Amino acid sequence: MLKPLFDRVVLRVKEEEEKSIGGIVLAAAAQEKPQIAEVIAVGPGKTTNHGSLVAPTVKVGDTVVFEKFAGSQIKVDGENYLIAHESDLLAILD
C-alpha cells in the first residue's frame, strides 16, 4: 500500500455516472473529471519552520472534494490513485 510523505494524501477518485440526466451515454472525453474522492492514506503532516508538526485535518475514510487539477495520478496493482497535498483539498463531505 502507498504511504504518503509529509502533508500528502492518497485519494481514490469516485467514478461518475457515464450517462447524462437525459439518459444519453457520454464519451469519456466529454465527461468532466470527478472532484470527489475517498481518502485512502494520510501522511504524518507538515513541519513548520520552527520544527513543530502540524497534523493533517483529514483521516482515512473521509470523502473529500479536491481542486480540479490537483495532485499526481498513479496506478498501483491495477488501481488508479491520486496523490495530492492536503492544501489541494477543498472540503470534507459528511
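1. Strands, like helices, are taken here as DSSP runs numbered from the N terminus, a strand (E) needing at least two residues and a helix (H or I) at least four. The model is a predicted one, in which local features need pLDDT of at least 70 and side-chain atom pairs count only at pLDDT 80 or more, while totals for chains, interfaces and linings use all residues. Residues are numbered from 1 along each chain as its sequence is written, and side-chain values use heavy atoms, with hydrogens and water left out.

2. On the overall architecture, the protein has zero helices and eight strands, so that its elements, read from the N terminus, run β-β-β-β-β-β-β-β. Of its 94 residues, 26% count as buried, where buried means under 20% relative accessible area, exposed means over 50%, and partly exposed lies in between, with a 1.4 Å probe and protein chains only. With contact taken as heavy atoms within 4.5 Å, 62% of the contacts between residues at least 6 apart in sequence join residues at least 24 apart.

3. Six strands form an open sheet with antiparallel pairing, in the order β6-β7-β1-β2-β5-β8; two strands pair if DSSP finds at least two bridges between them. The edges of this sheet are β6 (72–76) and β8 (89–93), each of which pairs on one side only. From one strand to the next the twist averages 40°, the axes being lines fitted to C-alpha atoms (for helices over the stretch in contact) and the angles running from 0 to 180 degrees between N-to-C directions.

4. Within this sheet, strand β2 (residues 36–42) and strand β5 (residues 63–66) run antiparallel and are joined by three bridges. Ile 36 stands opposite Val 65 in β5. Val 39 also lies in strand β2, and its relative accessibility of 0% makes it count as buried. Setting aside residues up to four places away in sequence, Val 39 touches Val 10, Leu 11, Val 58, Lys 59, Val 60, Gly 61, Asp 62 and Val 64. The C-alpha atoms of Val 39 and Val 9 are separated by 6.9 Å, although these residues are 30 apart along the chain.

5. The salt bridges deserve a separate point. Side chains of opposite charge can pair when their charged atoms come close. With a salt bridge defined as a side-chain nitrogen of Lys or Arg within 4 Å of a carboxyl oxygen of Asp or Glu, a search of the whole structure finds three. In one of them the side chains of Arg 12 and Glu 38 meet at 3.6 Å, N to O; because Arg 12 lies in strand β1 (residues 8–13) and Glu 38 in strand β2, the pair ties together parts that are 26 residues apart in sequence. Arg 12 also meets Glu 79 in a salt bridge of 2.6 Å, N to O, a pair that links strand β1 with strand β7 across 67 residues.

6. Lys 59 forms a salt bridge with Asp 62, with the closest N and O atoms 3.1 Å apart. The two partners fall into separate classes of accessibility, since Lys 59 is exposed with a relative accessible area of 54%, whereas Asp 62 counts as buried at 10%.

7. Glu 86 is a residue that I would ask the reader to inspect. Its place is in the loop between β7 (79–85) and β8, and it is buried yet has no salt bridge, the nearest side chain of opposite charge, that of Lys 46, being 9.0 Å away; for charge, Lys and Arg count as positive and Asp and Glu as negative, with His and the chain ends not counted. A polar atom of the Glu 86 side chain lies 2.5 Å from the backbone nitrogen of Thr 57. Leaving aside neighbours within four places in sequence, Glu 86 is in contact with Asp 7, Pro 56, Thr 57 and Val 58.

8. Finally, on backbone geometry, Phe 6, in the segment before β1, has a positive phi of about 55° although it is not a glycine. Asp 77, in the loop between β6 and β7, likewise is not a glycine and has a positive phi of about 50°; at 80% relative accessibility, Asp 77 counts as exposed.

Conventions: A polar contact is a pair of N or O atoms within 3.5 Å; within protein, one must be able to donate a hydrogen and the other to accept it, and residues adjacent in sequence count only if both atoms are side-chain atoms.
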